[in-house]
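Please look over the sequence and the model shown below before reading on.

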Amino acid sequence: MKVILSRKGFDSEFGGYPSPILPNGQMISLPIPDQNEELRYSDVMAGDLACYDLMRDLMPSIKSSNERIDLSNDFGCHLDPDIFKNAIHREPNWRPLFGQVDAAQGHLQKQDVRRDDLFLFFGSFRKTRNDDGKLAYDPHEKEMHVIFGYLQIGDIIKVDQKFDVPEWMSYHPHANNARKSNETNTIYVARDHLSWSESLPGAGRFIFSDRLVLTKRGYSKSKWALPDCFKEAKISYHKKPWKDGYFKSAGRGQEFVIMDNNGVEEWARNKIEESQIDR
């Protein structure tokens, strides 16, 4: 089983600020902005609020196409990975999905990513607090890289003009006609349950805990605390990542593929089994 550390959601380039960790521990990976999408931030639920309402509390503007734009309730977003059932209205038979295209998909294909390989999704997060009835970033907490969810691959689908998109999948950004014209366009569909545990779903979003934090305490977010098993692992985009007491994660690339490594596989399985899945 390959483990893929997949960087997703808001950061300084896409969106312009970190995704929030809510006071109740829910981690809301904010979908990156895309005005060409039909799905709006006002359509996507983040806990008890729509993403739009939560984002208005945190920041009145959004970074899109390298400029700051005032956020409106009809601002489009790219909901991907889509691993939380209650994020939007679902058609029957919905399954968690993740789409990829162009160079990033070429990288996954080159690394021979296939059925039963495991995505661990991470992103830039910061804790929040309630401040006079309004959500705000906690001034005492720093931005950090955190694993917020996972998806074990059940099916890999080339979604091109020949593919008849089922109704339950039709909302997904990688199922639209624009991306179907791209021959690299691919959707990864989650297994019904994990290959090593029938009691756990094949994809899910986590409730925050310290065990999910990648960033080494006291360091900048891209400097990670990882176990020794990673020192022997072959990781795409990382030739010599180990520095003085930390793992320096690459600034480029979305998917860091870890070739078959028993220690890393056990680490990844433990992350899922020992974490609370947001139901």
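Where in the chain is the place of Asn93? In this predicted model, Asn93 lies in the loop between β8 and β9, and its phi is near 75°, a positive value in a residue other than glycine. Asn93 has a relative accessible area of 63% and is therefore exposed, the cut-off for that class being over 50%. The loop between β8 (77-78) and β9 (97-100) also holds Pro81, and the peptide bond that joins Asp80 and Pro81 is cis, with omega at about 5°.

Asp116 also has a positive phi, near 80°, although it is a residue other than glycine. The place of Asp116 is in the loop between α2 (102-110) and β10, and its relative accessible area of 26% makes it partly exposed.

**The chain as a whole**

The chain contains four helices and 19 strands. Its radius of gyration is 18 Å, close to the 19 Å that the globule rule gives for 279 residues, so the chain is as compact as a globular protein of that length. Taken along the principal axes, the box that the C-alpha atoms fill is roughly 50 × 45 × 40 Å. Of the 279 residues, 54% count as buried, while the chain exposes about 13500 Å², of which carbon and sulfur atoms supply 42%. When contacts between residues at least 6 apart in sequence are considered, 70% of them join residues at least 24 apart. The chain carries 39 positive and 42 negative charges, and the mean positions of the two sets are 6 Å apart.

Is strand β1 (residues 3-7) enclosed or open? Five of its five residues are buried, so β1 is largely enclosed by the rest of the structure. In a regular strand the side chains alternate between the two faces of the sheet. In β1 both faces are covered, with Val3, Leu5 and Arg7 buried on one side and Ile4 and Ser6 buried on the other.

β1 pairs with strand β19 (residues 255-258) in the antiparallel sense over four bridges, and within that pairing Ser6 stands opposite Glu255. β1 is also joined to strand β10 (residues 118-131), this time in parallel and by five bridges; here Val3 stands opposite Leu118, and Arg7 stands opposite Phe122.

| Partner of β10 | Sense | Bridges |
|---|---|---|
| β1 (residues 3-7) | parallel | five bridges |
| β2 (residues 19-21) | parallel | three bridges |
| β11 (residues 134-137) | antiparallel | four bridges |
| β12 (residues 144-158) | antiparallel | eight bridges |

Pro20 has Arg126 in β10 as its bridge partner, Gly123 stands opposite Val146 in β12, and Arg129 stands opposite Ala136 in β11. The strands β10 and β11 form a hairpin with two residues between them, and in this hairpin Asp132 takes a positive phi near 55°.

Conventions: Residues are numbered from 1 along each chain as its sequence is written. Side-chain values use heavy atoms; hydrogens and water are left out. The radius of gyration is taken over C-alpha atoms; the globule rule is 2.2 Å times the number of residues to the power 0.38. Buried means under 20% relative accessible area, exposed over 50%, partly exposed in between (1.4 Å probe, protein chains only). Contact means heavy atoms within 4.5 Å. Accessible areas come from the Shrake-Rupley method with a 1.4 Å probe; for residues, only the protein chains shown count as cover. Lys and Arg count as positive and Asp and Glu as negative; His and the chain ends are not counted. The place of a charge is taken as NZ of Lys, CZ of Arg, CG of Asp or CD of Glu. Two strands pair if DSSP finds at least two bridges between them.
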